[in-house]
Amino acid sequence: MGKRKDLSEFDNGQIVMARRLGQSISKTAALVGCSRSAVVSIYQKWSKEGTVVNRRQGHGQPRLIDARGE
């Protein structure tokens, strides 16, 4: 399986609006070009939090030396 690609804010907005207007999950997924599970998770996140902004965190331990070598 490949890595999950983040949908753009525009796509997320299309998903939320289509679902609010009564569009089915399958039709919404076809409209945006993503999986049905992505539609469900994005809409659930919007329902709970009121936002669908992706805030991915970095992985691993923070660097001890910054970009300038200090």
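1. Buried here means under 20% relative accessible area. By that cut-off, 20% of the 70 residues in the chain are buried. The model is a predicted one, and the points below should be read as describing that prediction.

2. Overall make-up. The chain has three helices and zero strands, so the order of elements from the N terminus reads α-α-α. Of the contacts between residues at least 6 apart in sequence, 40% join residues at least 24 apart. The accessible surface of the chain is about 6000 Å², and carbon and sulfur atoms account for 52% of that surface.

3. Nonpolar core. The largest nonpolar core has eight residues: Leu7, Ile15, Ala29, Val32, Cys34, Ala38, Val39 and Ile42. Two or more of these residues come from each of helix H2 (25-32) and H3. The largest share is that of H3, which supplies three residues. Ala29, a member of this core, touches Cys34, Ser35, Arg36 and Val39 when residues up to four places away in sequence are not counted.

4. H1 against H3. Helix H1 covers residues 9-20 and helix H3 residues 36-49. Their packing angle is about 80 degrees, and their axes are 10 Å apart. Angles of 65 to 115 degrees count as roughly perpendicular, and H1 and H3 are therefore roughly perpendicular to each other. On the H1 side the contact involves Asn12, Ile15, Val16, Arg19 and Arg20; on the H3 side it involves Val39, Ile42, Tyr43 and Trp46. By class, this contact has six nonpolar, one polar and two charged residues.

5. H2 against H3. These two helices pack at an angle of about 100 degrees, with 8 Å between their axes. That angle makes H2 roughly perpendicular to H3. H2 contributes Ile25, Ser26, Thr28 and Ala29 to the contact, and H3 contributes Arg36, Val39 and Val40. The residues of this contact divide into four nonpolar, two polar and one charged. Val39 is listed in the contact of H3 with H2 and also in the contact of H3 with H1.

6. Threonine 28. This residue lies in helix H2 and counts as buried because its relative accessibility is 0%. Apart from neighbours within four places in sequence, threonine 28 is in contact with Ile15, Ala18, Arg19, Gln23 and Val39.

7. Methionine 17. Found in helix H1, methionine 17 has a relative accessible area of 44% and is therefore partly exposed. Methionine 17 and threonine 28 are eleven residues apart in sequence, and their C-alpha atoms are 9.5 Å apart in space.

8. Tyrosine 43. This residue sits in helix H3. Leaving aside neighbours within four places in sequence, tyrosine 43 is in contact with Val16, Arg19 and Arg20. The C-alpha atoms of tyrosine 43 and valine 16 are separated by 5.8 Å, although the two residues are 27 apart along the chain. Val16, Arg19 and Arg20 are also listed on the H1 side of the contact with H3.

Methods
Residues are numbered from 1 along each chain as its sequence is written. This is a predicted model: local features need pLDDT of at least 70, side-chain atom pairs count only at pLDDT 80 or more; totals for chains, interfaces and linings use all residues. Side-chain values use heavy atoms; hydrogens and water are left out. Axes are lines fitted to C-alpha atoms, for helices over the stretch in contact, and angles run from 0 to 180 degrees between N-to-C directions. Helices (H or I, at least four residues) and strands (E, at least two) are DSSP runs, numbered from the N terminus. Angles under 35 degrees count as roughly parallel, over 145 as roughly antiparallel, 65 to 115 as roughly perpendicular and the rest as oblique. Contact means heavy atoms within 4.5 Å. Ala, Val, Leu, Ile, Met, Phe, Trp, Tyr, Cys and Pro count as nonpolar, Asp, Glu, Lys and Arg as charged, and the others, Gly among them, as polar. Buried means under 20% relative accessible area, exposed over 50%, partly exposed in between (1.4 Å probe, protein chains only). Accessible areas come from the Shrake-Rupley method with a 1.4 Å probe; for residues, only the protein chains shown count as cover. A nonpolar core is a set of buried Ala, Val, Leu, Ile, Met, Phe, Trp, Tyr and Cys residues joined through side-chain atoms within 4.5 Å.
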